[in-house]
Amino acid sequence: MLFYTIKRLGLAILIVCLAMLMLLSAIHLVPGDPAGIALGPRATPEMRAEFRALMGMDQPFLVQYFKFLGNVVTGDLGVDVWSRRPVSTMIGEQLPHTIALALTGLGWAIMLGIPMGCYSAVHRNSVLDKLTGVLSVGCIAIPSFIVGLYALLLFAVELKIFPAIGAGDAGDIKDQLVHLVLPGLAVGLGWVGYLARFVRTSMLEVMGENHIRMARAYGLSNRRITYTYALKLAILPTVALLGVGVGSLISGAVFAEIIFARPGIGKMVVDAVNTRNYPIVMGGVLVTTMLFALSTLISDLVAAWLDPRIRQGL
Amino acid sequence: MNNRHDTVLEVRDLSVDFLTGRGTVRALRHVDLTVPDNRIVGIVGESGCGKSTLINSVLRLLADNAVVAKSSSVVFKGRDVLAMSPADLRGIRGQEISMVFQDPMTALNPVISIGTQMTDILYRLDMSMADKRRLAADMLGQVGIPDPARRLADYPHQFSGGMRQRICIAMALMMNPGLLIADEPTTALDVTLEAQIIHLMKDLCARFGCSMLFVSHNLGLIAELCDEVVVMYAGEVVEQGEVHDLFHRAQHPYTRMLLDCDPARIEEKRRDLPTISGSVPDLIDLPRGCIFAPRCPERYAPCSDSAPATYDVNAVHQVRCFKVRDA
């Protein structure tokens, strides 16, 4: 397991380095001068040169890349073009909100989706199975910003159960958690349906396998068969799916952050793109890439922990 | 049948239908079968003849679309398995009747260690986990797994196919059951392993005082291992009897053709292997009369009119064929 972990960690680092290379190339390949776009048409050539020097864009590509890498390792992501505040500090302020939101969405998806899928598989073709089938497809089909808007109108404006906007008072954990419920639902609802369908399919597949019949032939309890013998196998594809899914949860979070006026990386990057604030765009994208690499790393490690064939094979 | 032995399992008038989109598949029809104490009974027949449906009925492991006829009974040591509550049924499964499956590569759970899978079967025993593991290791040792105590922590993929079937046999015998059902236990294995596994099963069953119901399409194996044989065709028992009597004086044309098809019995060199012409009848739309009549080279007038009953060849040998009645 240790060897596998080290190997997998190395792979994650490589992925981030490659992503950084692509990120930097993208900025170079996009037509137009970033300095010109950032400073606007009335900027003088001197101002542009100064901007380029500030951003390090006057140096050869590879030098820029390795400087970028070196800076990232020391935690230096450059400074905001307008406020001149360090990007790392700004991301540090926003990141916890995004992670909390993505984890809440994930939590909704796991807490509702996996039991729904298990139930549907065990009670196949029952009324509840068919109902969850329809509900799941509905959950998948409705875009997260619609869910967000309706959840906001219903639970915050009409019923006044949950707060409408913001992330809650800093330092007040309970208030912050209450502020997470609705945006989390908006981000995670599609995944509830997705997971329910996915878990149902893989459970049905596993339940039809020989070793489950053998477990039955040995008189093991239904509970033991379903939740240990079948679920431990059926959950493996779901774990892999979730690792990748966190990426889409983060992009889905942008809508929730805008609708619920929450701080977060997604909203920050969207604002930065609009104002051509490249250091923030790069920093934001880099951090989300790292989050993505981290979540796939975690999902692979969880899969290896569950499945001896993975941890011994690689 | 043979009265010298008490019976362990008695299947009477077992009929099983499967409800499918195409119609009702009449997979088993009026099957009678007796497994005497300390005897090995073989079931032989081609694919799709109902062997698996029969043994799965004994432990009620049939698929959801199966319907067992009301008149059927499967009596194990005086208790009707078909009428049991789910709790009583669980009590029998694995403890009094256990099963070795066809393909050892898929019969064990790939993500649960051998030790856990073995000790899980012992959930009924009131003993400490350490004792259960000792018992599991002891059983592994008895089926010839080297260094058994250490290997309890291993997973199925760390064992070869033959080893896995040995583990399955160890699991099957761990609760010291009265009846072991073996569903083509060597079909998925190399021929060299086949004899080893068969001898192991025969030895252990004798040692544990366990009867066996052995399903195979390998006539040689049946002849070597079993005391009695049941020949099945298209969901019916067509011939049954003591192994020696049946193999030497096969009466049913199907049994004789099956014996002719056994490659081990072919003596002269020939271009084509013998086959039984025609194919198994559609079990949704059964022919009137004898089920084997459409393929039977010896059919005559009565065969296509009504279905034959079971007729005695002698005290230990019964056949479902008009020729025996009329002989």
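1. A quick definition before we start: two residues are in contact here if their C-beta atoms, placed from the backbone, lie within 7 Å. Please keep in mind that this is a predicted model.

2. In H5(A), the residues Ile91(A), Gln94(A), Leu95(A) and Thr98(A) meet Ile265(A), Gly266(A) and Met268(A) of H11(A). By class, this contact of H5(A) with H11(A) has 4 nonpolar and 3 polar residues, with no charged ones.

3. Now the geometry of that pair. Helix H5 of chain A covers residues 87-122 and helix H11 of chain A covers residues 265-274; their axes come within 8 Å and cross at roughly 130 degrees. H5(A) is therefore oblique to H11(A), because the angle counts as roughly antiparallel only over 145 degrees and as roughly perpendicular from 65 to 115.

4. Stepping back to the whole chain, you will find two domains in chain A: domain 1 spans 2-73 and domain 2 spans 87-313. The C-alpha centres of domain 1 and domain 2 of chain A are 31 Å apart. Their contact draws 16 residues from domain 1 of chain A and 13 residues from domain 2 of chain A.

5. Which elements give two or more residues to the side of domain 1 of chain A that touches domain 2 of chain A? They are helix H1 (2-29) and helix H2 (34-39) of chain A. H1(A) supplies the largest share of that side, 11 residues.

6. One last point, on the make-up of the side of domain 1 of chain A that touches domain 2 of chain A: 14 residues there are nonpolar, 1 is polar and 1 is charged.

Conventions: Residues numbered from 1 in each chain as written. Chains lettered and ligands numbered in written order. Predicted model: local features only at pLDDT ≥ 70, side-chain atom pairs only at ≥ 80, totals over all residues. Domains from an automatic or database assignment. Helix = DSSP H or I, 4+ residues; strand = E, 2+ residues; numbered from the N terminus. Nonpolar A, V, L, I, M, F, W, Y, C, P; charged D, E, K, R; others polar. Axes fitted to C-alpha atoms, helices over the stretch in contact; angles between N-to-C directions. Parallel < 35°, antiparallel > 145°, perpendicular 65-115°, else oblique.
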